[in-house]
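Please find below my note on this model.

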Amino acid sequence: MCHQRTRKTKKYTKLLCLLSVLFLLTGYAPAVYAEEEDENEDKTRSPYFYVESEEVGVDCLPLKSTDVRTTIEGIIADTYVVQTYTNEGTKPINASYVFPASTKVTIHGMQMRIGGQTVTATIKEKEEATREFETAKSEGKSASMLSKQRANVFTMDVANIMPGDEVRIELHYTELIMPSEGVYQFVFPTIAGPRYVGPILDDTGNRDEWTGTPYLTEGSTPADSYNIHVTLSSGVPIASLTSSTHDINIGWNENTSAEVSLANPADYAGNRDFILDYKLTGEQINTGLITSQTENENCFMLMIQPPERYEIEEIPPREYIFVLDVSGSMSGFPLDTAKKLITNLVSGLRETDTFNLILFSGTSLQMADRSVSATPENIDTAIRLISEQTGAGGTELASALENALRIPAKKEYSRNIVIISDGYIYGESDVFKLINDNLNNADFFSFGIGSAVNRYLIEGIATIGQGEPFIVTEEEEAAEAAEQFRTYIQSPVLTDIKISFEDFDAYDVEPAILPTLYAQKPIVLLGKWNGEAAGSIRIDGMTGSGEYSQTIQVADAISGQNHAVGLLWARKRVERLTDYGTNNYNPDVQAEVTQIGLNYNMVTPYTSFIAVLDTVRNPGGDSTDINQPLPLPLEVSNLAVGYRVGSEPGSIILFLLPAVTITFSVLYRMRKRKRMDPA
C-alpha cells in the first residue's frame, strides 16, 4: 500500500507541474504592463498601469475636476455632472476618459463649453457621431463625444484641447430611487474598476478600447478633484440620513429636506461608490399612479407598495451552490469580506439542505463532485477551504458557472446558485446568456463585494436569474447580508405576480412579466396608453398566507406633463432589450433602441452625444491622444491589474506564483476530502 501511495503521489506531482506550465503559457495572471505596445502584438485591450509620458509639453492628466450635483424629489433623482478638462501643457491634446454611472440612469443632456462658447450636444446614431467626431478632430476643430459601452460604463472623448484651454462638459442624468425594506438608497458610482479580459476575443477579433484603460497604482492619489452635493426633498419627515462610504455634512431644512456635501474635500471621493441611505418617518413615499400627457404620447408610472413579509412554515429542501471569486482583484479586503460572508452563508444552512462550493479565478476548483449534506463536518471542510484563499489570477466566471450547472441535481431540491465577486470581468454578456439559458434549472443570487463593484454584472445576474442582488462594501456588513439573504429566500414577499388592465388601453408596459419579489420594495410599472385615462390597473399574486390583490383606479392618478416619466419608460425599455446581452445582434432590436435614443434624446448602445465647435482651432492637426488614467477602487490591490505575457517574464512568474501555489494546495486537499458525505 505504501508503494501504491508513493506512485500516486509521483503521478499527482507530475500533474501539478503540468498545471503550473499551463498557467504560465495561458497567461491567467492579473494584467500590469508598460504603456508602450508592440504594433505587431495581438492586443487584448487589457488594463495596464499608468506610466508618466516623457514627451515634453504634453499634459497627460487633463481631467482636473468632477462636480456632481443631485436633486432628489420624491423618487426621482436629477443629476448634473460637470467634467472639467484643462491642457496645462504646451501641445494640443485629445483626451479620452472612462467613467461609470448607475445601471438605472438615463443620460439625456450634454453641453460643451470651450473658448467662451457653449455648444449643446445633439444625439445621433453612434456610427454617425463617431464619423463626425473623427472628422472634426482631423480638421482641427474642438469636439466632444459621449458613448455608452455598458449599461454602467461610458466614455468621453474630447478633441483638440489647445494649450491653456479649459473645457467644461455638463451631463444631465435622471433615475428612479426605489426603497427596499424601507430604506431608500442613492448610489453614484465614481470609478469603473479594471475589467479582466480573457484570451477569447469578440466577434470582430478585438476588445472594446475602453477595457484598455490605464490605472494608477494602489494607494496613489489622483491629481484631480471630485466633489459631490445632494439635495434631498422627501415631502415627509426624514427619519435618518447616512453614508457608509463617505464622511458627509448635512444641512437640515426643517425635517423634510436636507443638503448633503462631503465633509472633507481633501479626502479623495472618486475611488469608491458614493452611497446615501435614508429612511422616512411614518408612511413611505407612495406616488401611486402618475400620468403624463404630451403632444407625442401618453405615459404612466405606477408604484405599488408590496404586502408585508409572511413567514412560510414549511420550507422545501434547497441546494446552494456557492461560486466564489478568488481572482487577483479580490485580494485583500474584498476576499477577506467575502470569506466572512460565505462563512455566514454556509454556517446558516439547515441539515436538510445540500451545498457545494466552486472557487474561481483563471480556472475553477470544485469542492465535491456532487452537492453534499449541510452537516457540521462538511460545513467545517468548506470553511477551511475558503479561509486558505489569498486571491490571484484572472476572473473566468462563465466557466465556473458552467461547472456549477453541470453538478447533478435532485428534483426534490430547489437549486440556488449564489455568486460572490467584485464583478471585474469583461464578458458580462456570456454570463447573462448562460443564466438566461438555464432559468428553468436554478435561481441566481449575487453578492457584490467591494467599494466600487461592477453593479451591471451583480444586478444583471439577479435580474435575469430571478433572484436578488446584494452589495457588501464593508466587512461588518457580511453577517447582515447573509441573514438578509436567508430571510429573502425562505420567505419571498410575493410570487406568481400578474398584471391586468380593465378599461385602460395600456401598451408597451415595462416590465411585462414580474419575477418573484424577494425584497420588500415597490412594484413599478412604466408604460403608455391610448384614449382616455380611465379604468383600473390590478396586480395579483401569492403571499405566504394566501392570495394577494391590489387595484389602482386610473382616475385617481396625479396627472401633468412630467417628461421624466417618458425618460424612465425609455430607459426601462432599453434595459430589457439590450442591457443583458440577449438581443445585442438582433437588427430589429438595434433599430428599435436606436429610434428610442433619437426620440428621447438619450444615450443608448447605438446612439451617442456629439458636440462640435465649428471654429478651426488647431490648423496643423498635430495633437497627442491621452487616455486619462483612473485610480484603483479603494481597497483593491495592484493584483487587479497585472503583467502581460511576454512583457516582463520574471514579474509574470511572481504574479502567477500565488495562483499556482493555491491550485497545488487546494488540489492536494481535494484528494483528501473524498470522504465527505454525498447528498
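The points below take the helices and then the sheet.

1. Basis. This is a predicted model, in which local features need pLDDT of at least 70 and side-chain atom pairs count only at pLDDT 80 or more, while totals for chains, interfaces and linings use all residues. Residues are numbered from 1 along each chain as its sequence is written, and side-chain values use heavy atoms, with hydrogens and water left out.

2. Helices 5 and 6. Helix 5 (residues 397–406) packs against helix 6 (residues 428–436) at an angle of about 15 degrees, and their axes are 9 Å apart. Helices here are DSSP runs of H or I with at least four residues, numbered from the N terminus; axes are lines fitted to C-alpha atoms, for helices over the stretch in contact, and angles run from 0 to 180 degrees between N-to-C directions. That angle makes helix 5 roughly parallel to helix 6 (the term covers angles under 35 degrees). The crossing of helix 5 with helix 6 is left-handed, meaning that the near helix is turned anticlockwise from the far one by less than a right angle; clockwise would be right-handed.

3. Their contact. From helix 5, Leu397, Ala398, Leu401, Glu402 and Leu405 meet Asp430, Val431, Leu434 and Ile435 of helix 6, contact being heavy atoms within 4.5 Å. Seven of these residues are nonpolar, none polar and two charged. Ala, Val, Leu, Ile, Met, Phe, Trp, Tyr, Cys and Pro count as nonpolar, Asp, Glu, Lys and Arg as charged, and the others, Gly among them, as polar.

4. Helices 6 and 7. Helix 7 (residues 455–464) packs on helix 6 at about 15 degrees, with the axes 9 Å apart; the two are therefore roughly parallel. Here the crossing is right-handed. Glu428, Val431, Phe432, Ile435 and Asn436 of helix 6 meet Tyr456, Leu457, Gly460, Ile461 and Ile464 of helix 7. By class, this contact has seven nonpolar, two polar and one charged residues.

5. Three strands form an open antiparallel sheet in the order 27-30-31. Strand 27 (495–502) and strand 31 are the edges, each pairing on one side only. The twist from one strand to the next averages 15 degrees. Strands are DSSP runs of E with at least two residues, and two strands pair if DSSP finds at least two bridges between them.

6. Strand pairs. Strand 27 is joined to strand 30 by six bridges, and lysine 498 stands opposite aspartate 540 in strand 30. Strand 30 (residues 536–543) pairs with strand 31 (residues 546–553) over eight bridges, antiparallel. A hairpin of two residues links strand 30 to strand 31. Methionine 542 faces glutamate 547 of strand 31.

Notes. Angles under 35 degrees count as roughly parallel, over 145 as roughly antiparallel, 65 to 115 as roughly perpendicular and the rest as oblique.
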